[in-house]
Amino acid sequence: MITRALTLAHAHAEVAEGVIPGAGLTLAMSRGADTPPPARVLDISTLSELRGITKEDAHLRIGALVTMQQLRESEIVRQVLPALSQMAGEIGSAPLRRLATIGGNVAWGAGDLVPVLLAYRAKLLCAGAKVSIEAPQRRGLIEAVCIPLAPFALTFAEKAGLRESFSPSLITVAATARINDGKLHDVALAVGGGAEPPRRLPSSETALAADTPDALGGRLREVIEHEILGVETDERARLRARIAANLLADCLRENRP
Ligand SMILES: Cc1cc2nc3c(=O)[nH]c(=O)nc-3n(C[C@H](O)[C@H](O)[C@H](O)COP(=O)(O)OP(=O)(O)OC[C@H]3O[C@@H](n4cnc5c(N)ncnc54)[C@H](O)[C@@H]3O)c2cc1C
């Protein structure tokens, strides 16, 4: 049964009771015929509070209902968050991008936008409080994504997949950094997408804070790969870690100060 959210307060109360919010409902398309639909879905697409892209003080507020197409078409997103603008254009097909929302992409957990948002140090706005993207259990209804408007000289995002499009990514990587006095500063590296749990890579970021990509040489790739792989021994996890480490190490070297 699909019911319509009447107000934002009504939506928060329903979601707190365990009702599933539905935005673009594109993930419902990919449910197999054998998968029963959820007993109750709350249609949140009517809530105007979850719409729009606005500049507020030192951050950009992107409403949870903003679609991939709207992200692509936004001039301010293209200017200040180029990696997010780029990745929004690489999600599914054009018809899917007209429906798929940023809130749904984040709440799903495997979305390709998540590592990009992590690299931009984004927070989620849930019931008026800013919460970490990496803490899904404390979220409830996502109202908006808030991203600090900090200019980064280095911004990078790349989705690695088995085919060109229409397949879930194997792994998605993203990076941001400032460049000062010939050195990289405030480096953020993130992975996610597909089967890879979305997260920042703090050990690799610390290694880069102490040394330049050139000084780290081949060790840079090793440090990143080791951190992504952790204790995993699965062959596909190894492949994902290797691809991600190559992409991130190459990007950091190519953009070195
Ligand atoms: C053919 C196809 C290709 C796809 N390709 C890609 C791809 O390349 N990359 C990618 O990342 N994804 C892809 N997807 C997955 C998905 O469509 C997108 O991630 C999309 O952004 C989900 O948004 P939605 O608005 O449709 O979410 P919905 O399907 O409405 O919801 C998805 C989940 O998020 C929850 N949710 C939605 N909005 C909120 C909110 N505001 N607060 C809390 N929870 C919420 C829902 O309860 C549900 O659990 C693809 C899907 C299909 C069918």
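Visitor: This model is a predicted one, so to begin with a pair of residues, which residue in E7 is the bridge partner of Lys123?
Guide: The partner of Lys123 in E7 is Ser132.

Visitor: What makes strand E6 and E7 a pair?
Guide: Two strands pair if at least two bridges are found between them, and strand E6, residues 123-126, is joined to E7 by four bridges, so the two meet the definition of a pair. They run antiparallel.

Visitor: In what order do the strands of the open sheet stand?
Guide: Five strands form this sheet in the order E4-E5-E8-E6-E7, with antiparallel pairing.

Visitor: Why is one side of strand E4 and of strand E7 left without a neighbour in the sheet?
Guide: Strand E4 (53-56) and strand E7 (129-132) stand at the edges and each has a single partner strand, so one side of each is left without a neighbour. From one strand to the next, the twist averages 30°.

Visitor: How do you know that E9 and strand E10 pair?
Guide: The definition asks for at least two bridges, and seven bridges join E9 to strand E10 (residues 171-180), so they count as paired. They run antiparallel, and Ala157 stands opposite Ala174 in E10.

Visitor: Why is strand E9 called mostly covered?
Guide: A residue is buried if 20 or more other C-beta atoms lie within 10 Å of its own, and six of the seven residues of strand E9 (154-160) are buried, so the strand is described as mostly covered.

Terms used:
Residues numbered from 1 in each chain as written. Predicted model: local features only at pLDDT ≥ 70, side-chain atom pairs only at ≥ 80, totals over all residues. Buried ≥ 20, exposed ≤ 12 C-beta atoms within 10 Å, placed from the backbone. Axes fitted to C-alpha atoms, helices over the stretch in contact; angles between N-to-C directions.
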